[in-house]
Amino acid sequence: YYEAHEVIEHEWHAERRPIRLLYQGILQIGVGLHHARGGNHRGAELLLSDGIAKISQFLPECQGVRTDRLALAAQQCLNQIVELGPNRVDQFDWSLAPQIATNQA
């Protein structure tokens, strides 16, 4: 997630149009999963929620990214993280972690 963050963060900071929310949402989903990996349940929950809300403004596809698929996968992750709670976030099923799908996929 760190490498993706570094690449997208540059674009997010440089962009001034509303599309910057798409970049920020993708970043927040990645950072939310990073928090889950580190056991930070609250950080994971907050950032996944914020990221899903932002990318959902660009459904079903934007800039070649299948935002509908990303939002659905991120929501599944969030649902499981909420269900696991703070004491079991380490049991998160990483096979649920979203992959960015382009409109060619």
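Hi everyone. Searching the whole structure turns up one aromatic pair. Its members are Phe-92 and Trp-94, edge-to-face, 4.7 Å centre to centre with 80 degrees between the planes. Rings of Phe, Tyr and Trp (its six-membered ring) pair if their centres lie within 6.5 Å; planes under 30 degrees apart are stacked, over 60 edge-to-face, the rest tilted.

Before going on: this is a predicted model, where local features need pLDDT of at least 70, side-chain atom pairs count only at pLDDT 80 or more, and totals for chains, interfaces and linings use all residues. Residues are numbered from 1 along each chain as its sequence is written, and side-chain values use heavy atoms, leaving out hydrogens and water.

Is Phe-92 buried or exposed? Phe-92 has 5% relative accessibility, so it counts as buried, while Trp-94, at 29%, counts as partly exposed. Buried means under 20% relative accessible area, exposed over 50%, partly exposed in between (1.4 Å probe, protein chains only).

Now the helices, which are DSSP runs (H or I, at least four residues) numbered from the N terminus. The axes of α2 (residues 20–37) and α3 (residues 41–55) come within 7 Å and cross at roughly 160 degrees. Therefore α2 is roughly antiparallel to α3, a label for angles over 145 degrees. Axes are lines fitted to C-alpha atoms, for helices over the stretch in contact, with angles from 0 to 180 degrees between N-to-C directions.

Last stop: Gln-63, in the loop between α3 and α4 (67–84). At 54% relative accessibility, Gln-63 counts as exposed.

How values were computed:
Helices (H or I, at least four residues) and strands (E, at least two) are DSSP runs, numbered from the N terminus. Angles under 35 degrees count as roughly parallel, over 145 as roughly antiparallel, 65 to 115 as roughly perpendicular and the rest as oblique.
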